[in-house]
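Here is a note for a colleague opening this structure for the first time. Please read it with the model on screen.

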Amino acid sequence: MKKAEQKLTLDGPTSYQIKVPGELDARWSGWAAGMTLAAERGGDGLPVTTLTGVLDQAALHSLLRRLYALGLPLISVICVECS
């Protein structure tokens with residue numbers, strides 16, 4: 001059976017997982033467009049925060065700009081599930 005292709009759009013919501021170094025606790029969730037935040041230790045023992053949630057492209061770009069303004073480099077930005 002052939003898997004249906006899913007297409008990213010500019011206005012459709014998509015599930016993303018974003019990783020940044022450091023530890024952001026749950027208080028940042030509202031600031032981070034309602035994303036779920038989870039901090040854990042990476043393989044090198046340093047903290048890494050994973051932000052997970054559903055955003056459209058405009059909200060994703062806004063969140064990435066906020067992370068940039070905080071001086072947080074991106075470890076990864078992954079499209080988890082297209083809708």
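The points below go from the overall layout to single residues.

1. **Basis.** This is a predicted model, in which local features need pLDDT of at least 70, side-chain atom pairs count only at pLDDT 80 or more, and totals for chains, interfaces and linings use all residues. Residues are numbered from 1 along each chain as its sequence is written, and side-chain values use heavy atoms, with hydrogens and water left out.

2. **Layout.** The protein has 1 helix and 4 strands. Helices (H or I, at least four residues) and strands (E, at least two) are DSSP runs, numbered from the N terminus. Read from the N terminus, the order of elements is β-β-β-α-β. The C-alpha trace spans about 45 × 30 × 20 Å along its principal axes.

3. Of the 83 residues, 28% count as buried. Buried means under 20% relative accessible area, exposed means over 50%, and partly exposed lies in between (1.4 Å probe, protein chains only). Contact means heavy atoms within 4.5 Å. Take the contacts between residues at least 6 apart in sequence: 69% of them join residues at least 24 apart.

4. In what order do the 4 strands stand in the open sheet? The order is 2-3-1-4, and the pairing is antiparallel. Two strands pair if DSSP finds at least two bridges between them. Strand 2 and strand 4 (76-81) are the edge strands, each pairing on one side only. On average, neighbouring strands are turned by 20° against each other, direction ignored. Axes here are lines fitted to C-alpha atoms, for helices over the stretch in contact, and angles run from 0 to 180 degrees between N-to-C directions.

5. **The helix on the sheet.** Helix 1 packs on the sheet and touches strand 1, strand 3 and strand 4. The direction of helix 1 makes about 5° with that of strand 1.

6. **Strand pairs in detail.** Strand 1 and strand 3 run antiparallel and are joined by 8 bridges. Within strand 3, Leu-51 is the bridge partner of Ile-18, and Thr-50 stands opposite Lys-19. Strand 2 (residues 36-41) is also antiparallel to strand 3, with 6 bridges. There, Arg-41 has Pro-47 as its bridge partner. The hairpin of strand 2 and strand 3 has 5 residues between the strands, and Gly-45 takes a positive phi near 85° in it.

7. **The core.** Which residues touch the most other members of the largest nonpolar core? Of its 13 residues, they are Ile-18, Val-20, Met-35, Leu-51 and Leu-63. Strand 1, strand 3 (47-55) and helix 1 (57-69) each supply at least two residues of this core. A nonpolar core is a set of buried Ala, Val, Leu, Ile, Met, Phe, Trp, Tyr and Cys residues joined through side-chain atoms within 4.5 Å. Leaving aside neighbours within four places in sequence, Leu-63 is in contact with Ile-18, Trp-31, Ala-32, Met-35, Leu-51 and Leu-55. As a general point, nonpolar side chains in soluble globular proteins tend to be buried together.

8. **The tryptophans.** The model has 1 aromatic pair. Trp-28 and Trp-31 form it: their ring centres are 5.2 Å apart and their planes lie at 85°, so the pair is edge-to-face. The rule takes rings of Phe, Tyr and Trp (its six-membered ring) with centres within 6.5 Å; planes under 30 degrees apart count as stacked, over 60 as edge-to-face and the rest as tilted. Trp-28 is partly exposed because its relative accessibility is 31%. Trp-31 is partly exposed too, at 27%. The charged end of Arg-66 sits over the ring of Trp-31, 5.8 Å from its centre. That term requires NZ of Lys or CZ of Arg within 6 Å of the ring centre and within 35 degrees of the ring normal.

9. **Ser-15 and Gln-17.** Both residues lie in strand 1 (residues 14-21). Ser-15 counts as buried because its relative accessibility is 17%. Gln-17, at 25%, counts as partly exposed. Beyond four places in sequence, the contacts of Gln-17 include Thr-52 and Ile-78. Gln-17 and Thr-52 are 35 residues apart in sequence, yet 4.5 Å apart in space, C-alpha to C-alpha.

10. **Ile-78.** Leaving aside neighbours within four places in sequence, Ile-78 is in contact with Ser-15, Tyr-16 and Gln-17.
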